[in-house]
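Dear colleague,

Please find below the structure that I am handing over to you. My notes on what was found in it follow directly after.

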Amino acid sequence: MKTLFSLIFTLLFSLSVFAQQTSLKPELIKNFQDMKFGMFIHWGPVTLRGTEIGWSRGHQVEMNDYDNLYKEFNPVLFDADKWIKTLKDAGMKYFVFTTRHHDGFSMWDTKFSDYNIMNTPYKKDVLMELKNACDKYGIMFGTYYSICDWRHPNYPISRIEGVEKPDADMDKFYLFLKNQTKELIEKYGTKILWFDGEWEKPWTHEYGQDFYSYLKGLNENVLINNRVDKGRKGMEGTTKSKEFAGDFDTPEQRIGSFDIENPWETCMTICNQWAWKPNDKMKSYDQCMQTLLKTVGGGGNLLFNVGPMLDGRMEQRQIDRLKQMGNWLKKYGESVYGTTGGPYKPTEWMSATRKGDKIYLHVFSLDGEELKIPVPGNNQVKNCSILKGKKLKFEQSKKELIIRIPAEQKLNVVTTIVLKLNGDSGKIEPIEI
Ligand code: JFZ
């Protein structure tokens, strides 16, 4: 009996230790979610052609041409400080940079491949410069890293069509991935490993599980997206079930669905292409703000992508657009950073966030001067005003809250209203409008 008891005890104890090792620290993900807004960068020798990174290899750009572009890559106007200052002025809090895309080119001084930035005419470790600039400006530093590598001799697939490299060795390739990501963690102190290219056949759930625990073993404080494993549901980006690894979900080129249980981050381009394209159509200020606020209102983060040019600069029009967003955030940031999505679920014309006894409404369009929404759960609204502006008149019945917004109080693009409640807004169940 005693031995049975101690056996059970030992079993439970080791299970709990195991659970601790594999589970994500709540403050780590909370801190990530509080930041809300980050910059994604897709950049590399491909900018010499202005076509899409990775995908244009062997398509719009002939394969041999693509693979030799690095010999001409010389972004003499690259200035890490300027990039990160642009990011900071946009009100962004973190940074994710393409260290190696599907084309296999490494943008840092890596020991594990000669196909890297040190062998370009530029010869500078741009990743280290970016890491240092992030440290200087207090920005969280993260790295995009593709699992698939269509050029690497040991990766079995050359493009998405199928197996083209009979001599490839996936286990050796996996060792290469481990070696490179170890460098990113140990030498560059990356805080986010943003994987991609996991959807291809050679990558398995077993690799995904093993890779995740390997990386957490190197540094348990590194955040890892759900593209490390096979659980992602397409571009929707949610994770199929708990058995799949990943600290957050990754909807792509779309605002994720309302979800305040599972951490998520929408990645989206400011233009259309991930990598720089001349004259690419850029999103309007209106589209940018609605994207950010509907994402945050749905419980997510926005990783907004910029593609710098072949000379190392970002386009001025993109810098200007980001600055517009930053100016808004400077004034109204309390309705974004550190909030939770909801309780009202985002609609075409409005989204909401909450913190403590407050609810923030981001109103994008309103016919007339009356905003009618369901009451915030069992709470009473104590007062109501334009954020950083005038008090607003309101009425509440059992079911409905009516706020009067005089036409002259409506702001261009978005009007932010703050409701002060008599209770905790965090406890309100999600409300459909
Ligand atoms: C992936 C990358 O391929 C893309 O270049 C970019 O880095 C983005 C953040 O992540 O997006 C995909 C992934 C798969 C497909 C398209 C885009 N697909 O299968 O068509």
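I begin with a contact between two side chains: those of Asn 305 and His 42 form a polar contact at 2.8 Å. A polar contact here is a pair of N or O atoms within 3.5 Å; within protein, one must be able to donate a hydrogen and the other to accept it, and residues adjacent in sequence count only if both atoms are side-chain atoms.

Please note that this is a predicted model, in which local features need pLDDT of at least 70 and side-chain atom pairs count only at pLDDT 80 or more, while totals for chains, interfaces and linings use all residues. Residues are numbered from 1 along each chain as its sequence is written, and side-chain values use heavy atoms, with hydrogens and water left out.

Asn 305 belongs to strand β9, residues 301-306 (strands are DSSP runs of E with at least two residues, and helices are runs of H or I with at least four, numbered from the N terminus). Asn 305 counts as buried because its relative accessibility is 1% (buried means under 20% relative accessible area, exposed over 50%, and partly exposed in between, with a 1.4 Å probe and protein chains only). A polar atom of the Asn 305 side chain also lies 2.8 Å from the backbone oxygen of Trp 274.

A polar side-chain atom of Tyr 144 lies 3.4 Å from a ligand oxygen. The protein covers 79% of the 440 Å² of accessible area that the ligand has on its own (Shrake-Rupley method, 1.4 Å probe).

Two glutamines remain. Gln 253 is in the loop between β7 (223-224) and β8 (265-269), and counts as partly exposed because its relative accessibility is 32%. Gln 318 is in helix α9, residues 316-332, and is buried, with a relative accessible area of 3%.

Yours sincerely
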